[in-house]
Amino acid sequence: MNILLYHFGYRGDILVVGQHFTRELLTRYPHADIDLMVRPRMVEAGDFMRPLGVYRDILLGEKKDFHLSKETYDLAYMIDENVYPEGNLRTPFTKAGFPFRHHRLSLTVMPEDKALAARIIAGLPRPIIAVQSDMSRKWPAERCAALNQRLAALGSLVTLGPDERYPSCEKPLSFLQSAALAASADIFVGIDSGIAHAAALMEVQTVLIPPVFPESWISPTEYANPFIADEACRHISIRPHHEDFCGHYFCLRPTVQGGIKPPGGNSLLVKCRWKKRFGIFKGNSCFNKISVDALYDVVVAAMRERRLI
């Protein structure tokens with residue numbers, strides 16, 4: 001049997017949601033050959049999806065290419081931008097008519113990537129705390145700077161990002177090299193992002209400010225924690241204070257196709273009408289109100305629980 005799976009998303013979605021649904025397909029059709037098609041702008045997906053060993057080929061194409069190609073396959077599935085209320089992980093199951101179940105996910109890095117990461121952290125005292133350079137995409141920049149300053153007092157801070165440079169490297173790290181570096185850390189602190197999902201799949205505990213979505217949508221607490229026996233090592237999501245949080249995600253608005261209207265789950269951009277006069281005037285998302293203290297205190301508690309500090 002030949003199966004074509006098309007994924008419209010970016011790194012984190014492809015790595016988590018695409019891999020998760022692929023493993024469901026392989027459970028149902030263990031002898032199938034599966035081709036993964038991604039958009040040309042995500043050509044690098046082949047670098048981190050091919051080593052998983054679950055695909056016959058990684059193809060490039062837009063939606064029109066998927067529709068032209070699917071007639072040559074026995075089965076074809078599309079994971080696009082239209083996410084149902086049950087969230088990213090479960091939507092492909094709903095569209096396919098499958099009951100949802102969890103699958104263990106992974107990420108494979110090459111020995112040379114591990115060796116490079118080892119050179120970068122050589123001599124750094126433990127604990128090593130990994131953070132990301134672009135955290136300000138979804139959390140105020142001044143809070144990111146304040147958090148990093150306080151985290152640096154707890155251990156060695158290693159910053160991950162596409163433009164970061166390291167003394168032992170001639171050029172910025174690739175995604176897989178960054179994943180290997182994340183795997184060298186004791187804990188990862190950041191936001192929902194491709195590198196955060198990579199850290200989680202490399203079995204590094206993450207403490208994240210999630211997107212403005214329900215917890216079950218696409219979070220390491222949802223897809224990874226069920227497979228972690230030690231509660232002290234499980235992933236953590238920082239939620240807004242209960243007085244700020246409506247609990248119903250009133251700020252999210254649906255599209256007629258079944259997706260979420262922009263700006264999606266970015267806490268810096270999402271505006272909320274909850275508790276606003278007449279429901280007309282909009283204010284900051286409750287996730288944008290998460291304080292430095294709230295995030296820092298959770299990181300400290302997690303590190304103490306694991307005796308890292």
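User: Which residue in E2 is the bridge partner of Leu5, and how many bridges join E1 to strand E2?

Analyst: In this predicted model, Leu5 has Leu36 as its bridge partner in E2, and that contact belongs to a pairing in which six bridges join E1 (residues 2–7) to strand E2 (residues 33–38), the two running parallel.

User: Which other strand pairs with E1, and over how many bridges?

Analyst: Strand E4 (residues 75–79) pairs with E1 over five bridges, in the parallel sense, and here His7 has Ile79 as its bridge partner in E4.

User: Turning to the aromatic side chains, how is a pair of rings described?

Analyst: The general idea is that two values describe a pair of aromatic rings, namely the distance of the centres and the angle of the planes. The count for this structure comes to eleven aromatic pairs. One of them is formed by Phe48 and Phe175, whose centres are 5.0 Å apart with 55° between the planes, a tilted arrangement. That pair links distant parts of the chain, since Phe48 belongs to helix H2 (residues 45–49) and Phe175 to helix H7 (residues 175–183), 127 residues apart.

User: Are Phe48 and Phe175 buried or exposed?

Analyst: Phe48 is buried, its relative accessible area being 1%, and Phe175, at 8% relative accessibility, also counts as buried because the cut-off lies at 20%.

User: Why is the pair of Phe245 and Phe287 edge-to-face?

Analyst: The ring planes of Phe245 and Phe287 stand at 90°, with the centres 6.0 Å apart, and the pair is therefore edge-to-face, given that angles over 60 degrees fall in that class. This pair, too, links distant parts of the chain, 42 residues apart: Phe245 lies in the loop between strand E9 (236–237) and strand E10 (271–272), and Phe287 in the loop between strand E11 (283–284) and helix H10 (292–305). In accessibility, Phe245 counts as partly exposed at 21%, whereas Phe287 is buried at 0%.

User: Which residues form one aromatic cluster, and which residue lies over the face of Phe100?

Analyst: The cluster consists of Phe21, Tyr77, Phe93, Phe98 and Phe100, and over the face of Phe100 lies Arg90, at 4.0 Å from the ring centre. Elsewhere, Arg150 takes such a position over the face of Tyr296, at 4.1 Å from the ring centre.

Notes. Residues are numbered from 1 along each chain as its sequence is written. This is a predicted model: local features need pLDDT of at least 70, side-chain atom pairs count only at pLDDT 80 or more; totals for chains, interfaces and linings use all residues. Side-chain values use heavy atoms; hydrogens and water are left out. Rings of Phe, Tyr and Trp (its six-membered ring) pair if their centres lie within 6.5 Å; planes under 30 degrees apart count as stacked, over 60 as edge-to-face and the rest as tilted. Helices (H or I, at least four residues) and strands (E, at least two) are DSSP runs, numbered from the N terminus. Buried means under 20% relative accessible area, exposed over 50%, partly exposed in between (1.4 Å probe, protein chains only). A charge sits over a ring if NZ of Lys or CZ of Arg is within 6 Å of the ring centre and within 35 degrees of the ring normal. Two strands pair if DSSP finds at least two bridges between them.
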